[in-house]
Amino acid sequence: MNNSLEGKIALVAGATRGAGRGIAVALGEAGATVYCTGRSSRARRSEYDRPETVEETAELVTAASGRGIPVVVDHLQADQVAALIQRIDEETGRLDVLVNDVWGGENLIEWDTPVWEHNLDGGLRMLRLAVDTHLITSHFALPILTRSPGGLVVEMTDGTREYNAEHYRLNAFYDLAKASVLRLAFSQGHELDAYGCTAVALTPGWLRSEMMLEHFGVTEENWRDADAADGHFAAISESPRFVGRAVAALAMDPHLRSRNGGSYSSGELAKEYGFTDVDGSQPDCWRYLVEVQDPGLPADATGYR
């Protein structure tokens, strides 16, 4: 990155860990000022009860050449989001990039469980965490973002519009959550069009998040050792920085408007923009899923990274 986002203000909602952290740091690589929000701080953990904090993310942003600003926010609480946006407005007077990455539903997922058997409270909370948080944040943030043409809204989801339209995703609650975010990017794109701003949906591939690395008993340094547990993960997974660089590339694109309302993956954008993951590769996970993993073929990343 060449610091071409210097002077730009970004909000990554849900930046504590995973894709959100990777996005915040990649925007920092490009020189942006990044407000990093989430519920987990050094003072108090969220219901995830994990060690990652918004303060750590902000420090990583600053170390990457940007300016990271941590803010503890529960994006289901409208008053907290309103206060966040008021602070951004008072401190900077602008917002150039909004990344709606709030999720928080991993511990609520019941795999391949029909809707009548899935825990109802858990499923409905999953929807609130995945959809309501994004709507609440956009409600308060977009009046600032639309002040000037060129603003970018990125709706983070799991799966491209094309893939999710043809595939059942884990259970009805999860499936609806991810489809809703895809549609939210489209609808916001329609509403932003008159202001010269852009909304897109973006999905990472098989993400080497902190939780996924722990699941396979590996680290970012030796993730290929997960081959014995899951060859496909070892073959095609990507670091959170990869999808982060996709967001940074979008934010730098002078022709961004042509993508308004679209759905994209980190792998396809890497081929178009030329960025790479931290290991120099360009994993194309969604094409790999369709052509290798879903048909039940042996793990083989040849031609896919």
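Is V99 buried or exposed? Select V99 to start the tour: with 0% relative accessibility, V99 counts as buried (buried is under 20% relative accessible area, exposed is over 50% and partly exposed lies in between, with a 1.4 Å probe and protein chains only).

Before moving on, two notes on what you have open. This is a predicted model, in which local features need pLDDT of at least 70 and side-chain atom pairs count only at pLDDT 80 or more, while totals for chains, interfaces and linings use all residues. Residues are numbered from 1 along each chain as its sequence is written, and side-chain values use heavy atoms, with hydrogens and water left out.

**Stop 1: around V99**

V99 sits in strand β4 (strands are DSSP runs of E with at least two residues, helices are runs of H or I with at least four, and both are numbered from the N terminus). Now show the residues in contact with V99, meaning heavy atoms within 4.5 Å. Leaving aside neighbours within four places in sequence, these are L11, V12, A13, I23, V154, M156 and V247.

**Stop 2: two aspartates with positive phi**

Next, select D112, in the loop between β4 (97-100) and α4. D112 is not a glycine, yet its phi is positive, about 50°. Its relative accessibility is 58%, so D112 counts as exposed.

Then jump to D49, in the loop between β2 (33-38) and α2 (54-63). Here too phi is positive, about 55°, in a residue that is not a glycine. D49 counts as exposed because its relative accessibility is 53%.

**Stop 3: helices α4 and α6**

Colour α4 (residues 120-145) and α6 (residues 172-192): they pack at an angle of about 15°, with axes 10 Å apart. Axes are lines fitted to C-alpha atoms, for helices over the stretch in contact, and angles run from 0 to 180 degrees between N-to-C directions. The two helices are therefore roughly parallel to each other (angles under 35 degrees). To view the contact, show side chains including L124, L127 and V131 of α4 and F173, L176 and L184 of α6.

**Stop 4: D284**

Finish at D284, in the loop between α10 (266-273) and α11 (285-293). D284 counts as buried because its relative accessibility is 8%. Beyond neighbours within four places in sequence, D284 is in contact with I236, G267, E268, K271 and Y304.

Note on methods. Angles under 35 degrees count as roughly parallel, over 145 as roughly antiparallel, 65 to 115 as roughly perpendicular and the rest as oblique.
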